[in-house]
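This briefing covers a single predicted model and moves from the nonpolar core to the sheet, the aromatic rings and the backbone. The sequence and the structure come first, and the grouped points follow.

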Amino acid sequence: MLTTTTTSEVMAKRVAVILSGCGVYDGTEVHEASAVLVHLSRAGAKVQMFAPNADQMHVVNHCEGKPTGEKRNILQESARIARGEVTDLAKMDMSAFDAAIIPGGFGVAKNLSDFAVKNKDCTVQPQVENLIKTFHKAKKPLGMCCISPVLAAKILPGCEVTVGQDKDGDKWPYAQTAGVVKEMGCKHVNKDVDQAHVDVKNKLVTTCAFMANAPIHQVFDGIGVLVKEVLELAATAF
């Protein structure tokens, strides 16, 4: 018998959004986080934001794109996006949530992992690794935007993800990441910016977001597809 997702089922879902700071070059990509929150809000989901309570890898002057000598805390910086309503990831009760979404930004590759430095040989921040493994074991859906799918590629061998396209061009400045995903033992699926890929077996939804050099409204639309698919998976999880 076919099942359908009702509005009340989607509205009842609790979603954890995992942040990695504030700002594309050293934290969460702000537009991506905002898009995730807008689409979740429109769908009636209940959202709580989390971030590790630890120092960032470094701080980048976003006007110059260069590191400074400052030190900043990931949780405190994430509070800028969360309007102060963000919780230490170490305190998260994972059993209280139906799904989790991780927006992109270089903070994923610098603060939630060391992918920016070690590439395919990276390690994932222990709390984030535990979250991914716990949600996966419980068959709860995970949504990952932009560079975030590399976290799944590292933790869930053989999973399917998209980071956009695997051929370089003006629109795809980070196309080489698709090759790295393959080297990590996962399947990369080419998708455009306004699309998402659903790995049904692993309940994993990914979209490329700003891995593409694309208009912001297309990134917004792609994240909307991701949120919709995550909530539908959550509504049919059991």
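The largest nonpolar core of this predicted model has 74 residues, and those with the most contacts inside it are L40, M92, L131, I132 and L151. Helix α9, residues 216–235, gives the largest share of this core, with eight residues. An open sheet of seven strands, with mixed pairing, runs in the order β5-β2-β1-β6-β7-β11-β10.

**Core contacts**

- As general background, nonpolar side chains in soluble globular proteins tend to be buried together.
- L131, one of the residues with the most contacts inside the core, is in contact with I18, L89, M92, M94, A100 and L142 once its neighbours within four places in sequence are left aside.
- L204 lies in strand β11 and is buried, with a relative accessible area of 0%.
- Not counting residues up to four places away in sequence, L204 touches L142, M144, A152, C159, E160, V161, H197, V198 and D199.
- Among these contacts of L204 is A152, and the C-alpha atoms of L204 and A152 are separated by 8.3 Å although the two residues are 52 residues apart along the chain.

**The sheet and the helices against it**

- The edge strands of the sheet are β5 and β10 (197–199), each of which pairs on one side only, and the twist from one strand to the next averages 25 degrees.
- Helix α2 packs on the sheet, where it touches β1, β2, β6 and β7, and the direction of α2 makes about 175 degrees with that of β1.
- Helix α6, residues 126–137, lies across β1, β5, β6 and β7 and runs at about 135 degrees to β7.
- Strands β1 and β6 pair in the parallel sense over three bridges, with A16 standing opposite A100 in β6.
- Strands β6 and β7 also run parallel and are joined by three bridges, and here A100 stands opposite L142 in β7.
- Strand β7 (residues 142–145) pairs in the parallel sense with strand β11 (residues 204–207) over four bridges, and the bridge partner of G143 in β11 is V205.
- In a regular strand the side chains alternate between the two faces of the sheet.
- In β6, A99 and I101 point one way while A100 and I102 point the other way, and all of them are buried.

**Aromatic pairs and charges over rings**

- How many aromatic pairs does the model contain? The count comes to two aromatic pairs.
- Y25 and F106 form a tilted pair, with 6.3 Å from centre to centre and 45 degrees between the planes.
- This pair links distant parts of the chain, since Y25 is in the loop between β1 (14–18) and α2 (30–43) whereas F106 is in helix α4 (residues 106–110), 81 residues apart.
- Y25 counts as partly exposed because its relative accessibility is 35%, and F106 likewise counts as partly exposed at 31%.
- The rings of F50 and F97 have centres 5.5 Å apart and planes at 85 degrees, so this pair is edge-to-face.
- Because F50 lies in strand β2 (residues 46–51) and F97 in the loop between β5 (86–88) and β6 (99–102), the pair ties together parts that are 47 residues apart in sequence.
- Are F50 and F97 buried or exposed? F50 counts as buried at 2% relative accessibility, and F97 counts as buried at 2% as well, given that buried means under 20% relative accessible area.
- R14 lies over the face of F97, at 4.7 Å from the ring centre.
- The charged end of K140 sits over the ring of F135, 5.6 Å from its centre.

**Backbone with positive phi**

- Most residues other than glycine have a negative phi, and this background applies to the next two points.
- N119, in the loop between α5 (115–118) and α6, has a positive phi of about 55 degrees although it is not a glycine, and N119 counts as partly exposed at 34% relative accessibility.
- K139, found in the loop between α6 and β7, is a residue other than glycine whose phi is positive, near 60 degrees.

Technical notes:
Residues are numbered from 1 along each chain as its sequence is written. This is a predicted model: local features need pLDDT of at least 70, side-chain atom pairs count only at pLDDT 80 or more; totals for chains, interfaces and linings use all residues. Side-chain values use heavy atoms; hydrogens and water are left out. A nonpolar core is a set of buried Ala, Val, Leu, Ile, Met, Phe, Trp, Tyr and Cys residues joined through side-chain atoms within 4.5 Å. Buried means under 20% relative accessible area, exposed over 50%, partly exposed in between (1.4 Å probe, protein chains only). Helices (H or I, at least four residues) and strands (E, at least two) are DSSP runs, numbered from the N terminus. Contact means heavy atoms within 4.5 Å. Rings of Phe, Tyr and Trp (its six-membered ring) pair if their centres lie within 6.5 Å; planes under 30 degrees apart count as stacked, over 60 as edge-to-face and the rest as tilted. A charge sits over a ring if NZ of Lys or CZ of Arg is within 6 Å of the ring centre and within 35 degrees of the ring normal. Two strands pair if DSSP finds at least two bridges between them. Axes are lines fitted to C-alpha atoms, for helices over the stretch in contact, and angles run from 0 to 180 degrees between N-to-C directions.
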